[in-house]
Amino acid sequence: MMMNVNLKKLTFLAFILGLNFNVFAQSKNVQLPANWFNLDLLENGYFGISTEKLYRELLKDKKPKQNVVVAVIDGGVDTTHPDLKRVLWTNKKEIPGNGIDDDGNGYIDDIHGWNFIGSKKGNLEFDNLELVRLLRIYTPKYQSTTNLTPLDSAQKEEFRFYKKMVGDFGKKYEDASNTFSVLIAINKVLDTVARINKKEIPTMDDVDRYKADDETEEQVKTIIRKGAREDGSFEKFYKSIKEGYKQYDAMLKYNLNPKYDMRAELVGDDYSNAYQKNYGNDDVKGPDAFHGTHVSGIIGADRTNSIGIMGVANQVSIMAIRVVPTGDERDKDVANGIRYAVDNGAKVINMSFGKSYKWDKKAVDSAVKYAELKGVLLVHAAGNDNQNNDIEENFPNKFFDSKEAEAYKEANKKPGKPDFTPPKPMAQNNGMGMRPPYDRSTIVKPVPVDSTKFNLPHANNWIEVGASAYKDDDNLKASFSNYGKYSVDVFAPGFLINSTVPNNKYEEADGTSMASPVVAGLAALILSYYPDLKPTQVREIIMKSVSKVTRKIKYKNERGENTRVPFSEICVSGGIVNAYNALKLAETYK
């Protein structure tokens, strides 16, 4: 799932009376250079990856030896954007619009890529969370089960899993409902102020002059004032609220709604067949291409023109593969997206998406192994929940569902929550026939991380990326970014990143979704000058050449405690990727 991280702050809205902002969150009340992620810390004062310094000094007399295809597996790419048109991958074996599979690859008119979540009937825009899809399967089986119900060992394990999902669903539904309720209240005030002043979009002065009807509206005005300061302007806050309303509306209507499922109608594949691949359509833009277009610009926005921004790589072609709806991506589509990219010449694959539950990870594992066999590097975003990925699950990941992993899991079962019986249905239900419980007293503190599990069978062509901010201080870790001493490889700029968006525009966005394409772009840049390098070597170069962070950084750990740790405690490499250092190191590889 791709969640706009600008909206993560909206969790505070549930605490409307307390206005409980994250004390470690980076302030957005700052004006950054549009290309700050490509700048150099010493030269420019921004903790970018030194791309411009690299081009100016090390590469000024060198020419790329090859064009590198980077597949963007995402929610869609606007192929008409002027900063992307020149750098799009084009399938020269296919004749546009003739309705024939000219190259015989199984995909008709795949000119710039493929869309695995559509058909002749249209495109799938919304889907459930994987959690909801799993509950749809397990609820009929276990909703009437109690702790006294006779179960065999396999059923007991499934029942424990079911209860965990019910609890997780309850928390997500409660959080989304609470946040949406406050968004409704804020939108009501904003729309009322706009109507009174006969404006499409009001100003902060208009809001200040507005006479609140009651105490709640007065509190909403306080939130608006504080939000505008935090975002740097009223206009930015207004936009984030409107986007937030749209996202949480979709979350409740589609993502968390077990009754919603349009897959069969709009995609029409045999979903039970994980290895079916010939389905979808050629519409790589889809209904919402913001995220994928933004990601694409970071990787390779045209560096030869005088408009917009400059991507990291200067000799790259972007292959657009659509598999991510508004909701959680499906493992079958991810696996097919990877295979399509590999079979059609991609050397780097960017994957700025993720979820907390899996359905058919073995299908994804198989595709990852195929990519490794064919010499393709995978770059994946670590996630945006300030979560310790060493402890919490985040999919997809590089660790295979192997026999060794199963044996380890069996031998090292984590302590679970105390048994409970799902409550009886209530008048206000969530569609699963119950209102899921969320009892904070049942939370178990995490056990110490056992590093041996990270040596289990895994892909060696995979880089996991966390997000960093622009300033070299103790807030360098982006407040939202997931982390992991053993599971997150590197960090890269992912805060207020300006890039391409649909309709020929440019906007700022936050997230590990933005950090991952910085690294994918760097990988493509390395390969364009050193085409003989293997994926494992490119990964090694990127990790060994990071700008080491020697200071301690602040963050909120998995127990909710504010803490300071060395940067090496939150990622394997202990640093921020650096293009200048990476190309310098690549020169030494033979």
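At 46% relative accessibility, N504 counts as partly exposed. In this predicted model, N504 is placed in the loop that links β10 (497–501) to β11 (505–509). The backbone of N504 adopts a positive phi of about 65°, although the residue is not a glycine. Most residues other than glycine have a negative phi, and most peptide bonds are trans.

A further non-glycine residue with a positive phi is N386, for which the angle is about 45°. N386 lies in the loop between β7 and α12. With a relative accessibility of 17%, N386 counts as buried, because the cut-off for that class is under 20%. The loop between β7 and α12 (403–411) also contains P396. The peptide bond that runs from F395 to P396 is cis, and its omega is near -5°.

Taken along the principal axes, the box filled by the C-alpha atoms is roughly 70 × 65 × 55 Å. Of the 590 residues in the protein chain, 55% are buried. When contacts between residues at least 6 apart in sequence are considered, 78% are found to join residues at least 24 apart.

The accessible surface of the protein chain was computed as about 25,700 Å², and carbon and sulfur atoms contribute 50% of this area. Charged side chains comprise 82 positive and 79 negative groups. The centres of these two sets are separated by 2 Å.

Helix α13, spanning residues 512–529, consists of 18 residues. The distance from the first C-alpha of α13 to its last is 26 Å, close to the 26 Å expected at 1.5 Å a residue. Helix α13 is mostly covered, with 18 of its 18 residues buried.

Helix α14 covers residues 535–544, and its buried residues are P535, V538, R539, I541, I542 and M543. The elements that cover these buried positions of α14 include the strands β7 (377–381), β8 (462–468) and β9 (490–493). Helices α13 and α15 (579–586) are also among the elements covering the buried residues of α14.

Note on methods
Residues are numbered from 1 along each chain as its sequence is written. This is a predicted model: local features need pLDDT of at least 70, side-chain atom pairs count only at pLDDT 80 or more; totals for chains, interfaces and linings use all residues. Side-chain values use heavy atoms; hydrogens and water are left out. Buried means under 20% relative accessible area, exposed over 50%, partly exposed in between (1.4 Å probe, protein chains only). Contact means heavy atoms within 4.5 Å. Accessible areas come from the Shrake-Rupley method with a 1.4 Å probe; for residues, only the protein chains shown count as cover. Lys and Arg count as positive and Asp and Glu as negative; His and the chain ends are not counted. The place of a charge is taken as NZ of Lys, CZ of Arg, CG of Asp or CD of Glu. Helices (H or I, at least four residues) and strands (E, at least two) are DSSP runs, numbered from the N terminus. The expected span of a helix is 1.5 Å times one less than its number of residues.
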